[in-house]
Amino acid sequence: MTVFGTKAGTLERLREQVTQARVLPLLQFSVEEWRASQAAVLARLRLQSWSGQPLIVRSSAAGEDGAAASHAGRYESVLDVHGEGETIVAVNQVIASYPPEAGAPHDVFIQPMLADIAVSGVAFSANPNNGGHYIIINYDDSSGASDTVTAGTVGGLKTYYYFKGSPEPPAAPWDRVVALIRELESLLMTASLDLEFALDAGGCLYLFQARPLAVVCEPADLQEQIELLQRIADKVAQGQQRQPYLYGSKTVYGVMPDWNPAEIIGIRPRPLALSLYKELVTDSIWAYQRSRYGYQNVRSFPLLIDLGGMPYIDVRVSFNSFLPRELEPPLSEKLLDYYMQRLINNPKHHDKVEFEIIFSCFTFDLDRQLSGLLEHGFTSAELHRLAQCLKALTNQIVCPDNGLLGSDLERIEELEARRATMMDSSLDKVSKIYWLLEDCKRYGTLPFAGLARGGFIAVQLLRSLVAIGILSDTDYEHYMSSLETVSGRISQDYGQLEETEFLAKYGHLRPGTYELCSPRYDEAPEQYFAFEPSRAGKETADKPPFFLSLAQYRRIQALLQEHGLLGGDVLRLFDFLKTAIEGREYSKFVFTKSLSEALRLFGEVAAEYGLSKEEASYANILVIKRAYESDGDLRSLLRSSIEQGRRRHRATLQLELPPLITEPADVWRFSYPECEPNYITLREATGPVVFPEDARERLEGSILLLPSADPGYDWIFSTGIAGFVTMYGGANSHMAIRAGELSIPAVVGAGEVLYRRCSQAELLTIDCASKQLRVIR
């Protein structure tokens, strides 16, 4: 058994005992020794066989690497030191970083600098944030430096998770790191370790540091985690089989490929939010509307699968729903298998499948895009047939004579009237909640699903005009900012309306549209807005104009005539684009009123039974249906649902799963895929990093970081932020459209690894034109 001591002392003792890695030789001395005689310390250094090599001078302060706090990165270490002169400067630099406490037993140590580093990283033997039994390895395999993971730079960093009770072996080379962790756990008699390591070009593993890991919560029950993960792995294994009534030989599961649950409700939603999203969108509404717009009918298949309380999209079901209904079965089957394999091979595209993986509508550059399928066994005849079906489907959607968008907009208007009638009725609260949600499905999320499809096609058509050189990137940006959406009017009205009038119009919005515990705008206006008297009457900035030159107009007209779209009418095309994109945002605004009222009443019902909103957020919304349809005791129904939901959510919080699950083994071990963030606008912004919970006055001129964002976060655009970064979100998401409309530089869908690195920065630059995120400090 080895006990922890100083950083240098622990390494010195482990050097003689560790068999799974090497510890570089070291020379340790105290600050007092150095101050008493630098010459004596340097003489000891000269006796080391490695003293002529490049050196690293490292800190080993009193209290560093302690059980309560590691102070990681607090003290200096100096790399690539050559000769005694540089050594003296480096040692003094390290000592100068120590606190000026008299008599504190601070040490310094020197080691040879490791050359030819292939991989460097930090590994935890437990999840310090939630107590899950995971080995977490953060690493960099691109820079060749030993400190990139701990230095705080953005980009290039990757993460590997391995569950300790896994029946699957860890992947190479992480099997070596896992073996080292298990050896150190035995030697140091602890299951909570934090270590730094490197692999050289020859594959040799080196241990740089080992310290206690400060875990802030109780560890999970290992056996319960094993049983939960085994159930999830079994569910994933079932998806590897062929499913009747669906094309494709297997499925995968992802948190973002369709309807973006990670962005809308988060990857660990509370049970009420999850059940509401399933009820209002992903159980059946989504498929009904997609079928109505000319795609395959998959109405009996739920889109969202609950895996341990985390929302995953069944990608096979999703991809089937994007096939044109008229496409023949053999080609449909062939396409499904191609799409699935392409996603498996390119997991970084899991949040942009309609842009990078599948073909779901006609665009003006479709022939060029489809040509790539010739390299994957598709024939020219098959490509022609696919293009023909996509063109017919798209023409049906964009043509106003078919009335698809118009009828959906009419349904949304009907929802406004039905909600008013319901709220004015004498029905009890349970009945009101039931009918608010039923109406929200029929007249809210159903037409919204159609308008969202139209909005996506509109953006795809616009982007294809850029791709073929008719419009420029600037033209695209100006067009998007010229649109009059509800979100844009919020910013205008905030500068012009009085508080009561503003909240009467927008008070139902809340960050986290499906989350009961998130206050509505009218429940906590001071949290979101500053209604100073000087604000009212404020003029809004002029938007850059969008217009077509005569040459652009004629080229678009020729394209429409060539492809038989809209009778060659350019004005009808741009009328569709405007109606679809603006209609999508408007319908979202309207249906969330009904949802928000239902949530408010649900909170009131819970309060009548002595339950807080926080407690009620663990209930399943189906308790309302049960109470409405029977004489069941609502108190018992609520408390039972809450207890079950709380227990399951506790397990969810300690669970780690990848954003894309392609096989059962991914449940036990996985790497986070590299993401391709969506850079919105061509602008650049630099500012201090802030978060939504920071004081409102800090947000102006800052770079705001949001894990995810739905329409309820529109309040951020009244604060004067310089730019923002989200962990989740697609190129066609609400926040992407909003950023384009307001010409605010943004990174939407940065991914977990990149987002976490940004969150550790103090000052950040977003450079959208060059597609870069840079840490200034």
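Strand S5 and strand S8 (residues 193-200) pair in the antiparallel sense over 7 bridges, where two strands count as paired if DSSP finds at least two bridges between them. Helices (H or I, at least four residues) and strands (E, at least two) are DSSP runs, numbered from the N terminus. This is a predicted model, in which local features need pLDDT of at least 70 and side-chain atom pairs count only at pLDDT 80 or more, while totals for chains, interfaces and linings use all residues. Residues are numbered from 1 along each chain as its sequence is written, and side-chain values use heavy atoms, with hydrogens and water left out.

- Strand S5 spans residues 117-124 and is mostly covered, 7 of its 8 residues being buried, where buried means under 20% relative accessible area, exposed over 50% and partly exposed in between (1.4 Å probe, protein chains only).

- An open sheet is formed by 4 strands in the order S1-S4-S2-S3, with antiparallel pairing.
- Strand S1 (27-30) and strand S3 (78-81) stand at the edges with a single partner strand each, so one side of each is left without a neighbour in the sheet.
- Neighbouring strands of this sheet are turned by 20 degrees against each other on average, direction ignored; axes are lines fitted to C-alpha atoms, for helices over the stretch in contact, and angles run from 0 to 180 degrees between N-to-C directions.
- S1 pairs with strand S4 (residues 107-112) in the antiparallel sense over 4 bridges, and Gln28 stands opposite Phe109 in S4.
- Helix H1 (residues 7-15) packs on the sheet and touches S1, strand S2 (55-60) and S4, its direction making about 115 degrees with that of S2; contact means heavy atoms within 4.5 Å.
- Helix H4 (residues 83-96) also packs on the sheet, touching S1, S2, S3 and S4, and its direction makes about 180 degrees with that of S3.

**The sheet S11-S12-S10-S13**

- Another open sheet of 4 strands has the order S11-S12-S10-S13, again with antiparallel pairing.
- Its edge strands are strand S11 (304-307) and strand S13 (660-661), each of which pairs on one side only.
- S11 and strand S12 (residues 310-314) pair in the antiparallel sense over 4 bridges, with Ile305 opposite Tyr312 in S12.
- Helix H7 (residues 222-238) lies across strand S10 (253-254), S11 and S13, running at about 150 degrees to S11, whereas helix H9 lies across S11 and S12 and runs at about 160 degrees to S11.

**Nonpolar cores**

- The largest nonpolar core has 152 residues, and those with the most contacts inside it are Phe319, Tyr514, Phe576, Phe602 and Phe724; such a core is a set of buried Ala, Val, Leu, Ile, Met, Phe, Trp, Tyr and Cys residues joined through side-chain atoms within 4.5 Å.
- Helix H17 (residues 429-467) contributes the largest share of this core, 19 residues.
- Not counting residues up to four places away in sequence, the residues that Phe724 touches include Ile703, Phe717, Met735 and Ile766.

**Helix H9 against helix H17**

- Helix H9 (residues 271-282) and H17 pack at an angle of about 45 degrees, with their axes 9 Å apart.
- H9 and H17 are therefore oblique to each other, given that angles under 35 degrees count as roughly parallel, over 145 as roughly antiparallel, 65 to 115 as roughly perpendicular and the rest as oblique.
- Leu276, Glu279, Leu280 and Val281 in H9 meet Leu437, Glu438, Cys440, Lys441 and Thr445 in H17.

**Two individual residues**

- Ala598, found in helix H23 (residues 570-608), is buried, with a relative accessible area of 4%.
- Ala598 touches Ile433, Leu436 and Leu437, not counting residues up to four places away in sequence, and the C-alpha atoms of Ala598 and Cys440, 158 residues apart along the chain, are separated by 9.8 Å.
- Thr421, which lies in helix H16 (residues 404-424), is exposed, with a relative accessible area of 56%.
- Thr421 and Leu199 are 222 residues apart in sequence and 68 Å apart in space, C-alpha to C-alpha.
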